[in-house]
Amino acid sequence: MNPFGVGHSGDDFAERTARCGCCGLPFKYQTLRTQPEARHWCPDCEEHHPQDGEPIEREVDRLRAHDQVLRQRAADASAAATRYETQMLGLREQVAAALQTRDDWRALLEDVRSAHIEEEAGRCSCGQAFPCVTLDVLNGDPGRAQHVADVANQRQRRRWLDTEGGDDPYG
Ligand SMILES: [Zn+2]
Ligand SMILES: [Zn+2]
Ligand SMILES: [Zn+2]
């Protein structure tokens, strides 16, 4: 059985979007490329769309059906909003956890740093010669330390030029 009908393949069809003249909601449908069909009613409204001189029952059925569809849409939108909200909460928790981890490491480094002070000339509070191996590690490699100093200098210079203008005392 050919689902597209005798003599037709899927390539003969195009998807169209229209707005239902009954419920006012957009809908999609497949129609032949060569003989496009203009549809005015969505599948939900084909049975009950307005007609001239229609009995009052038809109008009541229509309003009831629309009410049901709109309620369903509202429920779906509300569920989507709740899902989104839950996702946002999850992300916020992840960010909070990451920040907490960062703060924990920073506090640990600060604790370690405070255990290595030059208590007396040339001697670290850990008992080794000052600066001790731990301090060397904490201060990082000289290249990185220089980079940090350069960035700080550039910032200071830019700020000076922004506020004072005129001659560059650093240039
Ligand atoms: Zn409709
Ligand atoms: Zn309708
Ligand atoms: Zn030390």
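Of the 171 residues of the protein chain, 2% count as buried. A residue is buried when 20 or more other C-beta atoms lie within 10 Å of its own, exposed at 12 or fewer, and partly exposed in between, with C-beta atoms placed from the backbone. The model is predicted: local features need pLDDT of at least 70, side-chain atom pairs count only at pLDDT 80 or more, and totals for chains, interfaces and linings use all residues. Residues are numbered from 1 along each chain as its sequence is written, while chains are lettered from A and ligands numbered from 1 in the order in which they are written.

The protein chain holds three helices and four strands. Their order from the N terminus is β-β-α-β-β-α-α. Helices (H or I, at least four residues) and strands (E, at least two) are DSSP runs, numbered from the N terminus. Contacts require C-beta atoms, placed from the backbone, within 7 Å. Of the contacts with a separation of 6 or more, 13% join residues 24 or more positions apart.

Strand 1 and strand 2 (residues 26-32) run antiparallel, joined by seven bridges. Pairing requires at least two DSSP bridges between two strands. Arg 19 stands opposite Pro 26 in strand 2. Six residues lie between the strands of this hairpin, where Gly 24 takes a positive phi near 80°.

Thr 17 belongs to strand 1 (residues 13-19). Thr 17 counts as exposed because it has 8 C-beta neighbours inside 10 Å. Beyond its neighbours within four places in sequence, Thr 17 is in contact with Pro 26 and Lys 28. Its C-alpha atom is separated by 6.6 Å from that of Tyr 29, 12 residues apart along the chain.

The peptide bond from Phe 130 to Pro 131 is cis, with omega near -5°. Pro 131 lies in the loop between strand 4 (123-124) and helix 2 (133-139).

How values were computed. Contact = placed C-beta atoms within 7 Å.
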